[in-house]
Amino acid sequence: MRQLGSLLLALGVLLGVGVAIGLLLGVQLPGVPWLVAVGFVKLALIASGGLMAGGAVLQRLARRTEERERLGPGRTSEE
């Protein structure tokens, strides 16, 4: 689960960096009105954030599972 979380984080970062580089270089899609292009950029940035959030949640769950296995049955970290 930790590897999947890392993969999602990396994909989110790559998508976000790709969109940012595209914006800085002024990449345009031929035949697409500017308003639609702005919508594509917003959706891509939202997807990037969602991928990173999902990856962070998976990593946290994996870390929590490892901690519970390390502590053994019947014990929690609050004790």
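Visitor: What volume does the largest pocket have?
Guide: About 360 Å³ for the largest pocket. Keep in mind that this is a predicted model.

Visitor: Okay, and which residues are closest to the centre of that pocket?
Guide: Val27, Gln28, Leu29, Ala37 and Val41 are the closest to the centre, out of 15 residues that line the largest pocket.

Visitor: Which elements give two or more residues to the lining?
Guide: Those are α1, which runs over 2–25, and α2, which runs over 34–71.

Visitor: And which element gives the most?
Guide: That's α2, with six residues in the lining of the largest pocket.

Visitor: How do the lining residues divide into nonpolar, polar and charged?
Guide: You get 12 nonpolar and three polar residues in the lining of the largest pocket, and no charged ones.

Visitor: Let's zoom out. How many helices and strands are in the chain?
Guide: The chain has two helices and zero strands.

Visitor: What box do the C-alpha atoms fill?
Guide: Roughly 60 × 15 × 15 Å, taken along the principal axes. The radius of gyration of the chain is 19 Å, whereas a compact globule of 79 residues would be near 12 Å.

Visitor: How much of the chain counts as buried?
Guide: Of its 79 residues, 15% do. The accessible surface of the chain is about 6,200 Å², and carbon and sulfur atoms account for 68% of that.

Visitor: Can we look at a buried residue? Where does Gln59 lie?
Guide: Gln59 sits in helix α2.

Visitor: Why does Gln59 count as buried?
Guide: Because its relative accessible area is 19%, and buried means under 20%.

Visitor: What does Gln59 touch?
Guide: Leaving out residues up to four places away in sequence, Gln59 touches Arg2, Gly5, Ser6 and Leu9.

Visitor: Now for Ala44. Is that residue buried or exposed?
Guide: Ala44 counts as buried, at 18% relative accessibility. Ala44 also lies in helix α2.

Visitor: And what does Ala44 touch?
Guide: Leu15 and Val19, again not counting residues up to four places away in sequence.

Visitor: How far apart are Ala44 and Gly16?
Guide: In sequence they are 28 residues apart, and in space they are 7.4 Å apart, C-alpha to C-alpha.

Visitor: Last one, back to the chain. What share of the contacts with a separation of 6 or more comes from residues 24 or more positions apart?
Guide: Residues 24 or more positions apart account for 86% of those contacts.

Note on methods
Residues are numbered from 1 along each chain as its sequence is written. This is a predicted model: local features need pLDDT of at least 70, side-chain atom pairs count only at pLDDT 80 or more; totals for chains, interfaces and linings use all residues. Side-chain values use heavy atoms; hydrogens and water are left out. On a 1 Å grid over the protein atoms alone, a cavity is a set of points where a 1.4 Å probe fits but cannot get out, and a pocket is an open set with protein on both sides within 12 Å along at least five of seven lines; lining residues have an atom within 4 Å of a point. Grid points are joined across faces, edges and corners, and a volume is the space filled by probe spheres set on the points. Helices (H or I, at least four residues) and strands (E, at least two) are DSSP runs, numbered from the N terminus. Ala, Val, Leu, Ile, Met, Phe, Trp, Tyr, Cys and Pro count as nonpolar, Asp, Glu, Lys and Arg as charged, and the others, Gly among them, as polar. The radius of gyration is taken over C-alpha atoms; the globule rule is 2.2 Å times the number of residues to the power 0.38. Buried means under 20% relative accessible area, exposed over 50%, partly exposed in between (1.4 Å probe, protein chains only). Contact means heavy atoms within 4.5 Å. Accessible areas come from the Shrake-Rupley method with a 1.4 Å probe; for residues, only the protein chains shown count as cover.
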